[in-house]
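Let us take a friendly walk through a protein model together. Have the sequence and the 3D view ready, and follow along from one part to the next.

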Amino acid sequence: MADDKTKTGGQDRARINVNEDYELRDWRKKFGVTPEQLKAAVNAVGTSAEAVEAHLRHTRR
């Protein structure tokens, strides 16, 4: 099922879908990383934005 862009509630803001160009663009800007770094982080910890942010913070040390 395609991502319904009219429904942008809490669930949508809590998950990262790197297969959607606009999400990849927006999340990588938010975290200040490359698309490859964001994809690697999602692959490592899953789609939870909170988990990805923590992972990226930890790997930048």
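**A walk through the model**

With a relative accessibility of 6%, Val33 counts as buried, where buried means under 20% relative accessible area, exposed over 50%, and partly exposed in between (1.4 Å probe, protein chains only). Before going further, please note that this is a predicted model, in which local features need pLDDT of at least 70 and side-chain atom pairs count only at pLDDT 80 or more, while totals for chains, interfaces and linings use all residues. Residues are numbered from 1 along each chain as its sequence is written, and side-chain values use heavy atoms, with hydrogens and water left out.

Now for the overall plan. Of the 61 residues in the chain, 23% are buried. The chain exposes about 4,600 Å², and carbon and sulfur atoms supply 48% of that area (Shrake-Rupley method, 1.4 Å probe; for residues, only the protein chains shown count as cover).

Let us return to Val33, which sits in the loop between H2 and H3. Which residues does Val33 contact, leaving aside its neighbours within four places in sequence? They are Arg28, Leu38, Leu56 and Arg60, with contact meaning heavy atoms within 4.5 Å.

In H2, look for Trp27 and Phe31, which lie four residues apart, about one turn of the helix. An α-helix has 3.6 residues a turn, so residues three or four places apart point the same way. Both Trp27 and Phe31 are buried. A search of the whole structure finds one aromatic pair. Trp27 and Phe31 form that pair, and it is stacked, at 5.6 Å centre to centre with 25° between the planes. For such pairs, the ring centres of Phe, Tyr and Trp (its six-membered ring) lie within 6.5 Å; planes under 30 degrees apart count as stacked, over 60 as edge-to-face and the rest as tilted. Beyond its neighbours within four places in sequence, Trp27 is in contact with Arg13, Arg15, Ile16, Leu38 and Ala49.

Next comes H3, where Leu38, Ala41 and Val42 are buried. These residues cover an arc of only 100° around the axis (taken from the directions from the helix axis to the C-beta atoms), which puts them on the same side of H3. The buried residues of H3 pack against H2 and H4. Glu36 and Asn43, on the other side of H3, are exposed. After H3 comes Gly46, whose phi is positive, near 100°.

H4 has buried residues too: Ala49, Val52 and Leu56. Seen down the axis of H4, they fall within an arc of 60°, so they line one face of the helix. On the other side of H4, Glu50, Arg57 and His58 are exposed. Ala49 counts as buried at 8% relative accessibility. Leaving aside neighbours within four places in sequence, Ala49 is in contact with Arg13, Ala14, Arg15, Ile16, Trp27 and Phe31. Ala49 and Asp12 are 37 residues apart in sequence and 9.8 Å apart in space, C-alpha to C-alpha.

Our last stop is a charged pair. Side chains of opposite charge can pair when their charged atoms come close. The count here comes to one salt bridge (a side-chain nitrogen of Lys or Arg within 4 Å of a carboxyl oxygen of Asp or Glu). Arg25 forms a salt bridge with Asp26, and their closest N and O atoms are 3.1 Å apart. Arg25 counts as partly exposed at 40% relative accessibility, and Asp26 is partly exposed with a relative accessible area of 38%.

Terms used
Helices (H or I, at least four residues) and strands (E, at least two) are DSSP runs, numbered from the N terminus.
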